[in-house]
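Subject: Structure handover

Hello,

Here is the structure I promised to pass on. Please open it first, then read the notes below.

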Amino acid sequence: MADAKVIIIMGSDSDFETMKSTVDVLAEFGVPNEVVVASAHRAPYTVERIAREAEARGVKLFIAAAGMAAHLPGVVAAFTSLPVIGVPMEAGALKGVDALYAIVQMPGGIPVMCMGIGKHGATNAGYAAVAILANDDAALKTKLHAYRSALPKKIEAANQRVQEQLGRSPAKS
Ligand code: RP5
């Protein structure tokens with residue numbers, strides 16, 4: 001996408017099922033994005049090119065997802081000074097704990113903002129990206145505030161459903 005503000009890069013197409021959550025959040029807020037599969041281990045020169053070219057193209061941040069020995073977010077961060085959000089994938093024998101440790105433990109000076117493992121991490125990567133972009137985008141800030149203001153009502157409705165299942169009336173808060 002020519003006017004992409006965010007590049008979502010993932011190490012394998014097997015990560016896409018999880019990373020759809022990120023795409024959904026960015027779509028909810030109307031943030032133009034590009035999704036690309038490019039592995040730090042299996043296509044390192046492609047990763048380097050994408051990371052090097054992004055800033056000149058007007059991209060504002062990366063979301064990088066990888067599982068197992070998850071070097072992709074760190075390698076992207078090595079080649080760009082744009083913010084990089086990392087998402088550990090719940091892949092392989094260690095179920096994402098290996099990826100979490102690889103992404104979260106960057107050496108000082110080249111940061112990656114690491115989310116939680118799997119789908120919730122992917123969702124939060126989208127919201128974190130929106131929060132960062134909203135600092136320079138008043139319309140996006142307004143949408144973010146509207147989303148946050150609507151949350152208590154959703155939780156109130158969830159509480160109501162639980163109380164109904166229990167056959168009790170909701171406690172006054
Ligand atoms: C990582 O290895 C990918 O990000 C993926 O999470 C994991 C497994 O990749 P596939 O074997 O499914 O391609 O590089």
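Contact here means heavy atoms within 4.5 Å. Keep in mind that this is a predicted model.

Start with S12. Where does S12 sit? It is found in the loop between β1 (6-10) and α1 (16-28). Is S12 buried or exposed? S12 is buried, because its relative accessible area is 15%, and buried means under 20%. The S12 side chain makes a polar contact with the side chain of D13, at 3.4 Å. Leave aside the neighbours within four places in sequence, and S12 is in contact with V37 and R42.

Both S12 and R42 turn up again at a pocket. The second largest pocket holds about 200 Å³ of space. It is lined by 16 residues, and the closest to its centre are G11, S12, R42, A66 and G67. By class, that lining divides into seven nonpolar, seven polar and two charged residues.

Now the largest pocket. About 230 Å³ of space lies in it. Its lining has 14 residues, of which K5, K60, L133, D137 and L140 are the closest to the centre. Two elements give two or more residues each to this lining: α5 (119-134) and α6 (138-166). The largest share, three residues, comes from α6. The lining of the largest pocket has eight nonpolar, one polar and five charged residues.

Next, α5 itself. How far apart are the end C-alpha atoms of α5? They are 23 Å apart. At 1.5 Å a residue, the 16 residues of α5 should span 22 Å, so the two values agree. The buried residues of α5 are G121, A122, A125, G126, Y127, A129, V130, L133 and A134. L133 is also one of the residues closest to the centre of the largest pocket. What do the buried residues of α5 pack against? The list is β1, α1, β3 (61-66), β4 (84-88) and α6.

Last, G108. This residue lies in the loop between α4 (97-104) and β5 (113-114). G108 counts as exposed because its relative accessibility is 84%, and exposed means over 50%. G108 and A139 are 31 residues apart in sequence. In space, they are 34 Å apart, C-alpha to C-alpha.

Best wishes

Terms used: Residues are numbered from 1 along each chain as its sequence is written. This is a predicted model: local features need pLDDT of at least 70, side-chain atom pairs count only at pLDDT 80 or more; totals for chains, interfaces and linings use all residues. Side-chain values use heavy atoms; hydrogens and water are left out. Helices (H or I, at least four residues) and strands (E, at least two) are DSSP runs, numbered from the N terminus. Buried means under 20% relative accessible area, exposed over 50%, partly exposed in between (1.4 Å probe, protein chains only). A polar contact is a pair of N or O atoms within 3.5 Å; within protein, one must be able to donate a hydrogen and the other to accept it, and residues adjacent in sequence count only if both atoms are side-chain atoms. On a 1 Å grid over the protein atoms alone, a cavity is a set of points where a 1.4 Å probe fits but cannot get out, and a pocket is an open set with protein on both sides within 12 Å along at least five of seven lines; lining residues have an atom within 4 Å of a point. Grid points are joined across faces, edges and corners, and a volume is the space filled by probe spheres set on the points. Ala, Val, Leu, Ile, Met, Phe, Trp, Tyr, Cys and Pro count as nonpolar, Asp, Glu, Lys and Arg as charged, and the others, Gly among them, as polar. The expected span of a helix is 1.5 Å times one less than its number of residues.
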